[in-house]
Amino acid sequence: MANTGSSSLATILFLFLFQAALLKGAAQEPVVSQNLVTDNVSVVEGEMAIISCRVKNNDDSVIQLLNPNRQTIYFRDVRPLKDARFQLVNFSGNELKVALSNVSLSDEGRYVCQLYTDPPQEAYADVTVLVPPGNPIIEARDEVLSEGNETEMTCTAMSSKPAASIRWMKGDKELPGKPKVELTYDKMYTVTSRLTFTVSKEDDGVPVACIVDHPAVKDFLAQKYLEVQYKPEVKIVVEFPQGLTREGENLELTCQAKGKPQPQRVNWVKVDDDVPSHAVISGGDLYIENLNKTYNGTYRCVASNAVGESFDDYILYVYDSRAGEGAPRTVDHAVIGGVVAVVVFAMLCLLIVLGRYFARHKGTYFTHEAKGADDAADADTAIINAEGGHTNSDEKKEYYI
C-alpha cells in the first residue's frame, strides 16, 4: 500500500512538473505533426464516444489527452480529471484511447492529443454531438375532402442538431414540400414542412407520409390516411334480352351506382319524354313488358350523393318481331378465295403443258400418196405409181397426228 501511494504521488508530482514546464514554454507554440494522429468523432447524445491518440514513431515521449478547456483528462494511464465518464480503453507506447460515456451537448468541442516533445506536438479531434429530433408531428387542414379540392398538410420535427430534412410521400409518389428552419434558444433546430396538393377519388384511403432524415435516426416518419368523398360512378347493365330488342319481348335494365358517400337516390328518366306508364321501377332496376317501337328512345339512370350527381344512358331501339331470324349463313370468304386461286392455278398449269406439247409436234401432218414415186423408171411410171392405180385402195391411207 505504501509503494502504491508513493507511486501515485510520484505520478502526480511528475504531472505537476510537466504542466509547469508547459506553462514555462508557453511562448514556444506546439506544432502539428504527422507523427501524432487522431480522428474526429460524431456521437449521438447519450451514447459513447471513443477518442484515440496514436503515435507512429514514439521515443518514449509522454502522451496526454486534454478536453476543450485544455484540462488534462488522461496523462499516460492516469486520469487527473474527476469525471468518471472518462475511462481508459487502451494505453501503450503508441496509443492512448479513452471512452466518454453518456455524452451530452456540453461535451462537444475540440479535444487535444498532446505528445510531450520539444516543442510539444498536438493533434485535434473534433467531437460533434448529434441530437435526434422528437417524433414528427403531422397535421392536416381538412379531415374529410371532396374530389378536386386542394388541401394542406404540415409536418414538424422539433429540437434536433443539426437541422433535420423532411420528405413527403403520397402512396409511392414523392411530393415537394416547403421547409422552414428555426434555431431555438437552446441552439436546437425545429423544421416545419408544408405540403399543398389537389385530391382525386383515387386518393381515398391513400397514406400521406412525412419522412424525417437526420444523421442520428433512420426511417423516422408519421403518416395520415386520406379520406376523399366523390360523386357516384354510374353504369347501366342489360339483364334481358342478351341480343336484339324485338317487339313483344320484355326489357330489364339494372343501374349500378357507387360513390362516397353511397348514393341515396337512384332515378330512371326518359330523355325528352316520359317513361312508359306500365314500366316498373324498383330501386335501380327498370322493367318494361311487351316492347313496341313507341318505346324507342334514351333511358337515363341518375344517381346523386352529397358531393354531386352522375348518370349513364341506354338507347333503346325496338326491332320487328322477326328481326334477325333466317339470316343467311355467313360465308368464309377466305376459304372461297383460296379454292378459286387453286382452280385458276391448275388451269394455268394445264394450258402451259398443252401449249408446250403442240409446239413440240408442229408439222407432223403427212400422206402416203407419193409412196413409190421415187422408185419409178420414168415420169409416166412415177405418175402411175403415185396415183396408185385405183385398184389398191389401201395405198391411199392418210395419217394425221
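This is a predicted model: local features need pLDDT of at least 70, side-chain atom pairs count only at pLDDT 80 or more; totals for chains, interfaces and linings use all residues.
Residues are numbered from 1 along each chain as its sequence is written, and side-chain values use heavy atoms, with hydrogens and water left out.

View 1. Let us start with the overall picture. Helices (H or I, at least four residues) and strands (E, at least two) are DSSP runs, numbered from the N terminus. The protein chain has 401 residues, and 31% of them count as buried. Here buried means under 20% relative accessible area, exposed means over 50%, and partly exposed lies in between, with a 1.4 Å probe and protein chains only. The accessible surface comes to about 25,500 Å², and carbon and sulfur atoms hold 53% of that; such areas come from the Shrake-Rupley method with a 1.4 Å probe, and for residues only the protein chains shown count as cover. Among contacts (heavy atoms within 4.5 Å) with a separation of 6 or more, 63% are between residues 24 or more positions apart.

**View 2. The disulfide of Cys-53 and Cys-113.** A disulfide is a pair of cysteine sulfur atoms within 2.5 Å, and the count by this rule is three. In this one, the S to S distance is 1.9 Å. Cys-53 sits in strand β4 (residues 49-55) and Cys-113 in strand β9, so the link spans distant parts of the chain, 60 residues apart. Both Cys-53 and Cys-113 are buried. The link is left-handed, with -70 degrees about the S-S bond.

**View 3. The disulfide of Cys-255 and Cys-301.** The sulfur atoms of Cys-255 and Cys-301 are 1.7 Å apart. The link is left-handed, with -75 degrees about the S-S bond. Because Cys-255 lies in strand β21 (residues 251-260) and Cys-301 in strand β25, parts that are 46 residues apart in sequence are tied together. Cys-255 is buried at 9% relative accessibility, and Cys-301 is buried at 0%. Counting bonded cysteines along the chain, the disulfides follow the pattern 1-2, 3-4, 5-6.

**View 4. An open sheet of four strands, in the order β11-β13-β17-β16.** Strands of a sheet pair through backbone hydrogen bonds, either parallel or antiparallel. In this sheet the pairing is antiparallel; two strands count as paired if DSSP finds at least two bridges between them. The edge strands are β11 (137-140) and β16 (178-183), each pairing on one side only. On average, neighbouring strands of this sheet are turned by 15 degrees against each other, direction ignored. β11 and β13 are joined by four bridges, and Ile-137 has Thr-156 in β13 as its bridge partner.

**View 5. A salt bridge between Arg-194 and Glu-152.** A salt bridge is a side-chain nitrogen of Lys or Arg within 4 Å of a carboxyl oxygen of Asp or Glu; the whole structure has 19 of them. In this pair the closest N and O atoms are 3.1 Å apart. Arg-194 is in strand β17 (residues 189-198) and Glu-152 in strand β13 (residues 150-160), 42 residues apart. Arg-194 is partly exposed at 41%, and Glu-152 is partly exposed at 23%.

**View 6. A network of salt bridges linking Asp-83, Arg-85 and Asp-107.** Asp-107 and Arg-85 meet through their side chains, at 2.7 Å from N to O. Asp-107 lies in the loop between β8 (95-100) and β9 (109-116), and Arg-85 in the loop between β6 (72-75) and β7 (86-91), 22 residues apart. Asp-107 is buried at 6% relative accessibility, whereas Arg-85 is partly exposed at 22%.

Notes: Axes are lines fitted to C-alpha atoms, for helices over the stretch in contact, and angles run from 0 to 180 degrees between N-to-C directions.
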